[in-house]
Amino acid sequence: MMNDSKSPHDFVAPHLKNVPRSGIRDFFEIVNTRKDVISLGIGEPDFITPWHIRESSIYALNRGATSYTANLGLWELRKAISEYVNRRFHADYDPATEIMITVGVSEALDVAIRALISPGDEVLYHEPCYVSYAPVIAFAHGIPVAVETHADDDFRLRIDQLEAKVTPRTRVLMLNFPTNPTGSVLHQKDVEDIAAFAIRHNLVVITDEIYSELTYEAERVSIAAVPGMRERTIFLNGFSKAWAMTGYRIGFSCAPAPLTDAMMKLHQYTMLCAPILAQKAAIEALANGDDALAHMRSTYRQRRNLMVDGLQAAGLRCHIPQGAFYTFASIGHFGMRSHDFAMRFLEEENVACVPGTAFGACGEGFIRCAYATGTAKIETAMERLRTFTSRL
Amino acid sequence: MNELLQLLRENGRESAETLATMLGLSVEEIQNQIQSWEEAGVIRGYQAVINEEATEVDYVRAAIEVRITPERGDGYDRIALRIGRFPEVESVFLMSGGYDLLVFVKGDNLRTVASFVNQRLATIEGVLSTATHFTLKTYKDQGVLMQDEQYDERLQVSP
C-alpha cells in the first residue's frame, strides 16, 4: 500500500497536534535572551528546600536508599500523609488503600484524569488556571470545558457559571484553590455549593490543593471534607510549594480505594514509583517541617503586601490574593493587551511578568506577578513599574 | 517571636515604610513600636554582620571556659558583668555543665589575647580557672553563613 506521509510532522497523533504550546514557554524564550532581568514570572519558591530536609536526603543516600519503593509509595510516608491530611484538611484516608505517592501533583493530575474519563467525556475546569489542565484532559481524549472566573468575584467559582457549562457528558470538575495564577481561595459556603453542584450532576471532583499551605488570612477549606464528597473526590497535594521542594518532584493523591486502585494501574505501569530519595525527604518535611513552613508562609504574606501596595501605587487594579504566591493585576485601563504590556515592561524596564492570557483567554487584561522573590527585588520591580506606567 | 522583631532581626536596616507595608501597619505604628523597644532595652543595638576573613584585617578570637566562685547575694552576675565590661570581650554566657562562664574574646593577635587572659581575666578575684580555645575559622556567625550558597537555576519564567 502507498504511504502518503510527507514529513515527520504527519506521524504525530492528531489530538496532540491540536494542543498549543504553552504561552509561558514562548515568553520564557524572549526573557531568556536578556540579561539582568528582574523576574516576577517564576512559578516556584525562591527559598531553597529547608536544610533539615536536604540533610535527611543526604543521610538517606548515605544509607543506600537507592531502590524502587512499593508502587503506592513508602508505607511510612503514606502513614504520615494520612495523619497530615486528617490534621490539616479534616479528611480521612486509609494509608493502605487510599493514598498514592506520585511524581509531583502533575503526575497525580494526569493519572486521575486518565483513570476517570473516556474519549469524548467533558471536564469542567476554571480559568484563568494553571497551564496544564486543558492539555492533560486533551491527552486523555477528553473535552476541556473552561468556566470563566472574574476579578469582580475575587476569581471564585460561581455556581450559575458552572450550571451554564455542565452537560450530560460532563464527568469531572477540576478545582485548584488557592489558584495559580490568581491567588484566589474558596470559602466554606463556596465549597458547600460546589459540592451540591457536583452531587447534583454526579461529577467526580479533582481538587488540586498544592498551594493550600500558602493560605493567608482566609480559613483553609477543602471540598474533600464536605459531607458526601469523600466518595467522589480525588484530593491532590504535594511538597513543592509548601516546603520549597519543586525539584524533588513529589506529590500525592488521596481518593477512595476503587479510584486509587484505578490510578494505581496507570502509575504502576508508567512511573512505577516516585523516587525514593524524594519520598524520604517528604517524610522529614512532614515530621519536622512545621516551623520552616510557618516562616515561609509569613514571609510570603509580607511580600504579598509589599507587591499589592506597589501594584496599586503604579495604578494597577489588584484584589488581595488570599493564597499561593501570585498577584493577578488588571492592566486593561491602560488600553493595552496583556502580551503587549508584558513585552513593553520587559523591554523598557527589564522586569518580566507573565501575560494573563498564558492562563486562558479570560486572562486578557491581566498580568501575573509572583512574589516568590526577595523584598529588595520586589521593591525595585515595583519602582520600575511606577516609572513604566507613568509613561503610559 | 513578634513578626516585626523577627523582620528586624533578619534585616535591621529595613525601612519603616517597607515594614509598615509588609505587616499591614502604619509607618507611625512601626516607628513607635521600635522606639518603645529601644527605650525599654528590648532592642539593644544594630550591627552589620561582617565576614572578617574578607576584610584582610588580622584578628584572633578565643572561646574561654571560666570557672568562678559564685558570691552570696550576686551569684555569678557581678563577676560575669565585670568580665563583660572589657572591650576585648564579645560575649559572655553562663553555662550549665563543667564550667561556669563561656567568654568570647577578640584581639589583634595571639599575644594580646593571651595577655588578656593572663593579666586581666585569670587574676580577677573569684576566677578559679580558665581554659582557652582559639578559633580557626568562622563558618557561620549571628545566624549568617560566611559564604554564599544560594543556588538559583530556576527558569526565568515558569508556570
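This is a predicted model: local features need pLDDT of at least 70, side-chain atom pairs count only at pLDDT 80 or more; totals for chains, interfaces and linings use all residues.

User: Start with H8 of chain A. How many residues does it have, and how far does it reach?

Analyst: Helix H8 (residues 188-200) of chain A has 13 residues. From first C-alpha to last it reaches 18 Å, close to the 18 Å expected at 1.5 Å a residue.

User: Which residues in H8(A) are buried?

Analyst: A:Asp190, A:Val191, A:Ile194, A:Ala195 and A:Ala198. They lie on the same side of H8(A), because they cover an arc of only 130 degrees around the axis.

User: Why would residues a few places apart point the same way?

Analyst: An α-helix has 3.6 residues a turn, so residues three or four places apart point the same way.

User: What covers the buried residues of H8(A)?

Analyst: Strand S5 (170-175) and strand S6 (204-208) of chain A are included in that cover.

User: And which exposed residues sit on the face turned away?

Analyst: A:Gln188, A:Lys189 and A:Arg200.

User: What follows H8(A)?

Analyst: A:Asn202, with a positive phi near 55 degrees.

User: Switching to chain B. How is it divided?

Analyst: Into domain 1 (3-40) and domain 2 (58-137). Their centres, taken over C-alpha atoms, are 35 Å apart.

User: How many residues does each chain put into the contact?

Analyst: Chain B puts in 13 residues and chain A 24. On the chain B side, helix H2 (residues 16-23) gives the most, with four residues.

User: What kinds of residues make up that side of chain B?

Analyst: Six are nonpolar, five polar and two charged.

Note on methods
Residues are numbered from 1 along each chain as its sequence is written. Chains are lettered from A and ligands numbered from 1 in the order in which they are written. Two residues are in contact if their C-beta atoms, placed from the backbone, lie within 7 Å. Helices (H or I, at least four residues) and strands (E, at least two) are DSSP runs, numbered from the N terminus. Ala, Val, Leu, Ile, Met, Phe, Trp, Tyr, Cys and Pro count as nonpolar, Asp, Glu, Lys and Arg as charged, and the others, Gly among them, as polar. The expected span of a helix is 1.5 Å times one less than its number of residues. A residue is buried if 20 or more other C-beta atoms lie within 10 Å of its own, exposed if 12 or fewer, and partly exposed in between; C-beta atoms are placed from the backbone. The arc is that of the directions from the helix axis to the C-beta atoms. Domain bounds come from an automatic or database domain assignment.
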